[in-house]
Amino acid sequence: KGTSVDQKIEYEKLDNVVIADHCSGQPVMRFSVQLQLFLPQGADRATRHAAVDVLDSFRQLAPDRVTHLQPHLENRLVPIDSVDVPAIYRAEAERLNPQEEDFAPHVTSGPATPPQWQAYAALASAEAGPEAISVLDAALPPSFVRAGPDRYLAQVLDWCARLKPMHGLAGFAPIYEIGMEANYMQETWPFLARFPGLNYPIPYPMAAEGQGRRKISGTSWLTILGEDVLAALGGRALLAERLADGWALAADEAPRPGLPPGMMVHDYDGGVLIRAGEHPQMGDINMGNIPETYRAVSDALRPIRFEDYQQNPMD
């Protein structure tokens with residue numbers, strides 16, 4: 001059976017680990033707690049302005065650390081202390097033609113490489129089609145969550161209520177400079193293979209286009225289900241039953257009524273959030289540690305998980 005990790009040791013290590021490129025020796029990857037929200041209608045102006053609100057809320061979590069912004073992918077990073085943050089975002093959202101132009105605001109803790117604090121939105125234009133999947137990512141140091149997991153949870157619930165995602169997840173994840181996620185698989189893969197609590201859902205938006213309202217990208221410490229995917233599973237009552245059955249399977253126990261130990265389900269305006277334990281966990285395949293709460297959520301939500309990845313390099 002899996003066992004709980006030593007939270008203090010794990011978080012101290014993760015905050016300070018930096019992985020170097022195997023050829024150049026330059027730092028390219030570190031570890032974070034990362035939230036990914038998958039959104040419909042990236043061209044909708046209300047969605048774009050809601051993303052602005054969320055990025056500004058993220059910035060306010062650590063105004064001394066989140067020091068730069070990038071209003072659009074063609075722009076260079078700009079020091080935040082030189083601009084009005086929400087105003088520059090809103091102006092950019094209004095300037096762009098949502099029928100033809102993507103919106104990709106980005107805040108970060110530059111000039112650190114790679115930055116520990118970063119959040120960005122990748123909101124598709126109408127030209128991408130009605131089934132395109134847009135994304136908002138927000139990554140921060142593990143120690144921030146360790147110091148106040150309930151505070152972090154409340155923030156995620158607020159962001160979900162603002163953005164109304166189809167679904168999403170949050171947990172430990174590797175983080176890179178923006179746009180470099182797929183460039184360092186030789187550095188990343190050994191960690192993904194060993195630590196089952198690490199998220200890496202990079203290919204999901206492209207591979208699952210057209211299925212986002214029915215199929216989730218995966219499960220993690222926090223798993224967010226919008227109304228459509230929750231309905232596809234059978235609704236909130238059936239969710240509780242499936243979580244109980246998943247726990248019985250993971251813990252090798254007889255099924256029992258009610259939510260499994262350490263697992264919580266939180267409602268927000270637009271869906272529910274499942275919390276698999278007090279803190280995120282990494283697990284460790286080498287130690288036989290696959291956290292039971294994670295396994296229970298994975299088993300419970302398997303019918304609505306997207307897994308139809310084609311075997312080609314882009315996937």
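Which residue forms a salt bridge with Asp56? The partner is Arg59, and the closest N and O atoms of the two are 2.9 Å apart. Both residues belong to helix H2, where a spacing of three residues places them about one turn of the helix from each other. Asp56 has a relative accessible area of 12% and is therefore buried. Arg59 is also buried, because its relative accessibility is 17%, and the cut-off for a buried residue is under 20%.

Before other pairs are taken up, a word on confidence. This is a predicted model. The protein chain has an average pLDDT of 89, and 93% of the residues reach at least 70. Among the elements, strand S9 (residues 222-226) has the highest mean pLDDT, 98, while helix H1 (residues 7-16) has the lowest, 69. Over residues 1-8 the pLDDT stays under 50, although the model has 19 contacts for this stretch beyond four places in sequence. Where pLDDT is low, predicted coordinates should not be read in detail.

Arg95 and Glu92 are three residues apart in helix H3, so about one helical turn separates them. Their surroundings can be described in turn. Arg95 has a relative accessibility of 54% and so counts as exposed, whereas Glu92, with a relative accessible area of 9%, is buried.

The side chains of Glu94 and Arg45 meet at 3.7 Å, N to O. This pair links distant parts of the chain: Glu94 lies in helix H3 (residues 85-95) and Arg45 in helix H2 (residues 45-61), 49 residues apart. Glu94 counts as partly exposed because its relative accessibility is 43%. Arg45, at 32% relative accessibility, is partly exposed as well. A search of the whole structure gives 12 salt bridges.

What does a charged residue without a salt bridge have around it? Asp137 provides a case: this residue is buried and has no salt bridge. The nearest side chain of opposite charge is that of Arg30, 16 Å away, and a salt bridge requires the nitrogen and oxygen to be within 4 Å. Asp137 is placed in strand S7 (residues 134-140). The side chain of Asp137 makes a polar contact with the side chain of Gln36, at 2.7 Å. Leaving aside residues up to four places away in sequence, Asp137 touches Gln34, Leu35, Gln36, Gln118, Ala119 and Tyr120.

Key
Residues numbered from 1 in each chain as written. Predicted model: local features only at pLDDT ≥ 70, side-chain atom pairs only at ≥ 80, totals over all residues. Heavy atoms only, no water. pLDDT = per-residue confidence, 0-100. Helix = DSSP H or I, 4+ residues; strand = E, 2+ residues; numbered from the N terminus. Contact = heavy atoms within 4.5 Å. Buried < 20%, exposed > 50% of the residue type's maximum accessible area, 1.4 Å probe, protein only. Lys, Arg positive; Asp, Glu negative; His and termini not counted. Polar contact = N/O pair within 3.5 Å; in protein donor to acceptor, adjacent residues only side chain to side chain.
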